[in-house]
Amino acid sequence: MEPAKIMKYHILTGILLLGACSNTQDAAVEEGRSEAFGAEEWTQYRHSPDKNAVIDSGHEPLEYAALETEDEIRATPVVADGRLFIGNHNSGDIMAFDLTSGERIWEGKAPNWIHSETIYHEGTIYVGYGNRHFQENGIRGTGENGVMALDAENGEVLWQFETEGEVMPTPAIYEDHLYITTGDRHLYKIGLEEGSLVHQHELGSTISMSSPNIYEDTLYVGGSGPLPYTFYAYDLENDEMKWQTEFPEVVMGLDDVPPAISNGIIVTSALVLNEEEQTEHEIYAMDAKTGELLWKDNWGSGQPVINNKSGAPMIYEDTVFIASPKTKTYYAYDLQSGEQLWAYEDAAAKAAPVAYDGIVYFSNTEGRVIGMDIQSGEPVKEMTLGGTLAPSGPIIVNDTLFVGSQDGNVYIVPLSDFEDAAE
């Protein structure tokens with residue numbers, strides 16, 4: 001691990017600054033919130049089971065800026081304990097930025113792509129690595145694959161756990177263990193401290209990018225081949241499968257989508273074939289206790305999509321928000337009934353959105369973030385950034401939106417900087 005280098009920090013306007021004066025920080029401490037900017041813990045993909053990554057640590061927003069990295073970003077930036085952690089897709093570079101100064105405080109390198117978030121727990125970050133290419137034996141992930149733990153202060157590698165297949169999904173923490181789903185069709189349970197294998201379970205499905213969701217002592221994840229595509233619920237207390245639901249009509253995508261869960265309902269999406277042998281995009285809601293399909297909807301066909309073919313859902317206030325890259329449409333559904341509340345056509349979007357203060361923010365492949373009125377589905381805010389925005393989506397921390405881009409930047413945008421959407 002190399003020592004911290006001269007920062008590569010490009011400011012678009014102004015300077016990056018924690019606008020939290022001492023009075024604000026004192027108030028945050030009095031209210032029991034973290035004194036450092038961001039989350040105290042970040043233990044799974046997009047922070048929480050509903051995938052609405054909104055954090056309030058009692059600080060003022062940051063100013064508009066960008067953090068320059070070494071390569072493409074396809075993961076969600078993780079903002080915890082006053083720092084931002086991010087990895088690069090192609091190069092495997094991984095780095096931490098101090099959010100007070102904007103400096104890159106350390107950087108290192110994984111043995112393969114980083115598509116995973118760098119989750120944070122008690123001063124350590126954990127990140128998976130691997131690629132989407134297939135070995136001759138059908139295992140997904142060529143070269144080195146696995147997960148690594150690094151000291152969040154200096155980037156020192158604490159341990160590495162190697163796997164036969166890729167670990168592109170974000171790991172998840174439950175009690176004292178790290179769980180990873182892989183391209184070698186296994187679920188691994190690893191000790192947090194030393195990185196040793198505690199238990200492994202053969203799922204039988206390849207997991208591409210469906211980051212596991214931990215909700216009420218159960219791990220949920222979608223898998224692909226060998227057929228049929230299957231969705232799994234794994235009991236973390238007893239290390240055994242609780243249930244699994246097969247989707248024989250699905251031909252792709254279920255293994256790419258990190259599911260969202262709220263109020264005992266799981267939401268995911270996938271692609272099926274129609275009579276003309278064209279793929280169509282569908283959304284599914286399942287009972288978290290039984291795996292029973294509660295409702296679904298079909299959005300029809302559309303343009304062919306390269307990679308990340310299914311949209312990732314997010315749940316906020318009993319409403320499901322999801323974008324379809326295939327139909328180029330943003331959707332809102334009632335979580336309980338499955339009633340479609342609204343739909344809005346725009347540029348292709350693959351990422352889970354984020355909702356806050358009556359607005360849901362979608363990021364798309366044209367480098368724009370669109371803020372939609374949660375009730376009406378009308379665009380009310382917008383901001384043009386750069387590149388193809390990451391398929392993992394934006395987050396909001398202290399009234400500041402963070403989103404990665406395939407142009408190599410993490411964009412930092414105070415919500416007050418968003419412009420009113422053009423009519």
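**View 1. A cluster of rings brings together Trp 295, Trp 299, Tyr 331 and Tyr 333 through ring pairs.** Rings here are those of Phe, Tyr and Trp (its six-membered ring), and two of them pair if their centres lie within 6.5 Å; planes under 30 degrees apart count as stacked, over 60 as edge-to-face and the rest as tilted. A quick word on the model: it's a predicted one, where local features need pLDDT of at least 70 and side-chain atom pairs count only at pLDDT 80 or more, while totals for chains, interfaces and linings use all residues. Residues are numbered from 1 along each chain as its sequence is written, and side-chain values use heavy atoms, with hydrogens and water left out.

**View 2. Here are Trp 295 and Tyr 333, a stacked pair.** Searching the whole structure turns up 15 aromatic pairs. In this one, the ring centres of Trp 295 and Tyr 333 are 5.5 Å apart and the planes sit at 20 degrees, so the pair counts as stacked. Strands (E, at least two residues) are DSSP runs, numbered from the N terminus. Both Trp 295 and Tyr 333 are buried, meaning under 20% relative accessible area, with exposed being over 50% and partly exposed in between (1.4 Å probe, protein chains only).

**View 3. Tyr 330 and Phe 362 stack as well.** Their ring centres are 4.3 Å apart and their planes at 5 degrees, so this is a stacked pair. Tyr 330 belongs to strand β26 and Phe 362 to strand β29 (residues 359-363), so the pair ties together parts 32 residues apart in sequence. Tyr 330 and Phe 362 are both buried.

**View 4. Strand β4 (residues 83-87) is largely enclosed by the rest of the structure, because five of its five residues are buried.** Side chains in a regular strand alternate between the two faces of the sheet. In β4, one side has Arg 83, Phe 85 and Gly 87, the other has Leu 84 and Ile 86, and all of these are buried.

**View 5. Strand β4 has antiparallel partners in β3 and β5.** Strands pair if DSSP finds at least two bridges between them. Strand β3 (residues 78-80) is joined to β4 by three bridges, with Val 79 partnering Leu 84. Their hairpin has two residues between the strands, and Asp 81 takes a positive phi near 55 degrees. Strand β5 (residues 93-98) pairs with β4 over five bridges, and Phe 85 has Ala 96 as its bridge partner. Five residues separate β4 and β5 in their hairpin, where Gly 92 in the turn has a positive phi of about 80 degrees.

Terms used:
Helix = DSSP H or I, 4+ residues; strand = E, 2+ residues; numbered from the N terminus.
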